[in-house]
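Subject: Structure handover

Hi,

Here is the structure I promised to pass on. Please open it alongside this note; my findings follow below.

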Amino acid sequence: VSVPTLDDAAGYAEFCEALGTFDAKAEEREALFLCLSALLHLGDVDFSEASSPVRGGGPQVEPVDPARLQVAAELLGLEPAALLAALTTRTVTALARGESESFSVRLDGAKTRHARDNLAKAVYSALFDWAVGFVNGKLGALAAAAERDCFIGILDIFGFESFATNGFEQLLINF
């Protein structure tokens, strides 16, 4: 997608400069960009659904393009088969007479896509939490050096909000 009024290269350079301003280590930058790249690739993973050859076996869901799943898995540091299993099955544990038994249930295409989207949301949320902690850590060091308090707040149309922990959802609600 291209937006004529936005210069992606300039935005990327500005973002990298901001990371440099906060003294982000090379390993932190690489991990950040790997996660973001994985999310972009994960969003491109789609699934097709066919009936199972086994009676009562549930739907057979496979990635439309396995290479996309493989790239996303590798960027997340996962085995492609493990990511596929996590997205296409759920584990059910039954407890009876003090004994437990676990088994896997295949998900249909819609639930598989929902699992993919929930994984992306969880990774975005973890990145947001990391970014808040990273910036707060740097501001804390600046505040200690300047002997004053520094903080980041969100001002929206309803006024200033201050929470003990600001979450990714709060940012999305406001913007």
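Is the crossing of H1 and H2 left-handed or right-handed? It is right-handed. By definition, a crossing is left-handed if the near helix is turned anticlockwise from the far one by less than a right angle, and right-handed if clockwise.

Some ground rules before the rest. This is a predicted model, in which local features need pLDDT of at least 70 and side-chain atom pairs count only at pLDDT 80 or more, while totals for chains, interfaces and linings use all residues. Residues are numbered from 1 along each chain as its sequence is written, and side-chain values use heavy atoms, with hydrogens and water left out.

**Overall layout**

The chain has six helices and six strands. Both are DSSP runs numbered from the N terminus: helices are H or I with at least four residues, strands are E with at least two. Along the sequence the order is α-α-β-β-α-α-β-β-α-β-β-α. The chain holds 175 residues, and 22% of them are buried. Buried means under 20% relative accessible area, exposed over 50%, and partly exposed in between (1.4 Å probe, protein chains only). Now take the contacts between residues at least 6 apart in sequence: 45% of these join residues at least 24 apart. Contact means heavy atoms within 4.5 Å.

**Helix pairs**

Two packed helices are described by the angle between their axes and the distance between the axes. Axes are lines fitted to C-alpha atoms, for helices over the stretch in contact, and angles run from 0 to 180 degrees between N-to-C directions. Angles under 35 degrees count as roughly parallel, over 145 as roughly antiparallel, 65 to 115 as roughly perpendicular and the rest as oblique.

Start with H1 (residues 8–21) and H2 (residues 26–43). Their axes lie 11 Å apart, at an angle of about 140°. H1 and H2 are therefore oblique. On the H1 side, the contact uses Tyr12, Phe15, Cys16, Leu19 and Gly20. H2 supplies Arg29, Leu32 and Phe33. The residues of this H1–H2 contact split into six nonpolar, one polar and one charged. For these classes, Ala, Val, Leu, Ile, Met, Phe, Trp, Tyr, Cys and Pro count as nonpolar, Asp, Glu, Lys and Arg as charged, and the others, Gly among them, as polar.

Next, H2 and H3. Their axes come within 8 Å and cross at roughly 160°. H2 and H3 are therefore roughly antiparallel. Here the crossing is left-handed. Leu34, Ser37, Ala38, His41 and Leu42 of H2 meet Val71, Ala72, Leu75 and Leu76 of H3. That contact of H2 with H3 divides into seven nonpolar residues, two polar and no charged.

Last, H3 (residues 66–76) and H4. The two axes come within 8 Å, crossing at roughly 105°. That makes H3 roughly perpendicular to H4. H3 brings Leu69, Gln70, Ala72 and Ala73, and H4 brings Pro80, Leu83, Leu84 and Leu87. The residues of the H3–H4 contact are seven nonpolar, one polar and no charged.

**Two buried threonines**

Thr88 sits in H4 (residues 80–88). Thr88 is buried because its relative accessible area is 10%. Its side chain reaches the backbone oxygen of Leu84 at 2.7 Å. Not counting residues up to four places away in sequence, Thr88 touches Phe47, Val61, Val105, Arg106, Leu107 and Thr112.

Thr112 belongs to H5 (residues 109–146). Its relative accessibility is 0%, so Thr112 counts as buried. Leaving aside neighbours within four places in sequence, Thr112 is in contact with Phe47, Val61, Leu87, Thr88 and Leu107.

**Two positive phi values**

Asp23 has phi near 55°, a positive value in a residue other than glycine. Asp23 lies in the loop between H1 and H2. With a relative accessible area of 57%, Asp23 is exposed.

Arg97 has a phi near 50°, again positive in a residue other than glycine. Arg97 is found in the loop between strand E3 (89–96) and strand E4 (99–106). Arg97 is exposed, at a relative accessible area of 83%.

Best wishes

Terms used
A polar contact is a pair of N or O atoms within 3.5 Å; within protein, one must be able to donate a hydrogen and the other to accept it, and residues adjacent in sequence count only if both atoms are side-chain atoms.
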